[in-house]
Amino acid sequence: QLDIIQEYLTTKQTASELARKYGSSNPSFIVNWINKFNLEIKDCPIVDKKKLNSDVASNLKSIEKLRKKETNEVSDETFTINQKCKILKEYLSKDLSLIEICRKYDIKWRASISRWKISIEKYLLRKHQSNKNLDSRDQELLDLLIRSKQTKKARKFSKEFKETIIKEYYKTGVTKAYLGSVI
């Protein structure tokens, strides 16, 4: 991903040309990657080359910073089932947001938590069906998982918050999808 972003930012190739080169019909994956990586390195964001203030040198520094971070990061696969259960329980009990949980435990991809929710719920249901007896910790997590599906509510935002987001959108030029993902 970083190689493709670097190629995009340092050459005259368009996102469409690179998408075709790498076997994709949809060039939006490059912009999505840039937005995703900008979440990881807030202090040194990657600026899309289409922006007037794009600086190749600072973009290359950002990419290098990401490469170093990537080599030092813990993989999602390094968490045991017990650790995943503990992290999920903390997230579902609403102590921390998804982004805060990922930062706290150095989880590279927020989607990992969603995958864990599905796999651990299946695991606990199978365990429950075979033993008919979950320990209190497992039962509490299973209840939280089931409740989290049932309690999806529409989020409401104040007028001031919406105005702040709109100002941020115009100031930074990031995509609406990116802003939506960080709210």
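Is Phe79 buried or exposed? In this predicted model, Phe79 has a relative accessible area of 13% and is therefore buried. The setting of this residue is described below, beginning with the chain as a whole.

The chain contains ten helices and zero strands. Read from the N terminus, its elements follow the order α-α-α-α-α-α-α-α-α-α. The chain has 183 residues, and 30% of them count as buried. The accessible surface amounts to about 12,200 Å², with 53% of this area belonging to carbon and sulfur atoms. Of the contacts between residues at least 6 apart in sequence, 55% join residues at least 24 apart.

A search of the whole structure gave two aromatic pairs. In one of them, the ring centres of Phe79 and Trp116 are 5.4 Å apart and the planes meet at 70°, so this pair is edge-to-face. Phe79 is located in the loop between α4 (56–72) and α5 (81–92), whereas Trp116 belongs to helix α7 (residues 111–131), so the pair ties together parts that lie 37 residues apart in sequence. Trp116 counts as buried, at 5% relative accessibility, and Phe79 is buried as well.

Tyr169 and Tyr170 also form an aromatic pair, with 5.0 Å from centre to centre and 70° between the planes. This arrangement is edge-to-face. Tyr170, with a relative accessible area of 66%, is exposed.

Definitions and conventions: Residues numbered from 1 in each chain as written. Predicted model: local features only at pLDDT ≥ 70, side-chain atom pairs only at ≥ 80, totals over all residues. Heavy atoms only, no water. Phe/Tyr/Trp six-rings, centres within 6.5 Å; stacked < 30°, edge-to-face > 60°. Helix = DSSP H or I, 4+ residues; strand = E, 2+ residues; numbered from the N terminus. Buried < 20%, exposed > 50% of the residue type's maximum accessible area, 1.4 Å probe, protein only. Contact = heavy atoms within 4.5 Å. Areas by Shrake-Rupley, 256 points an atom, 1.4 Å probe, with all protein chains shown as cover.
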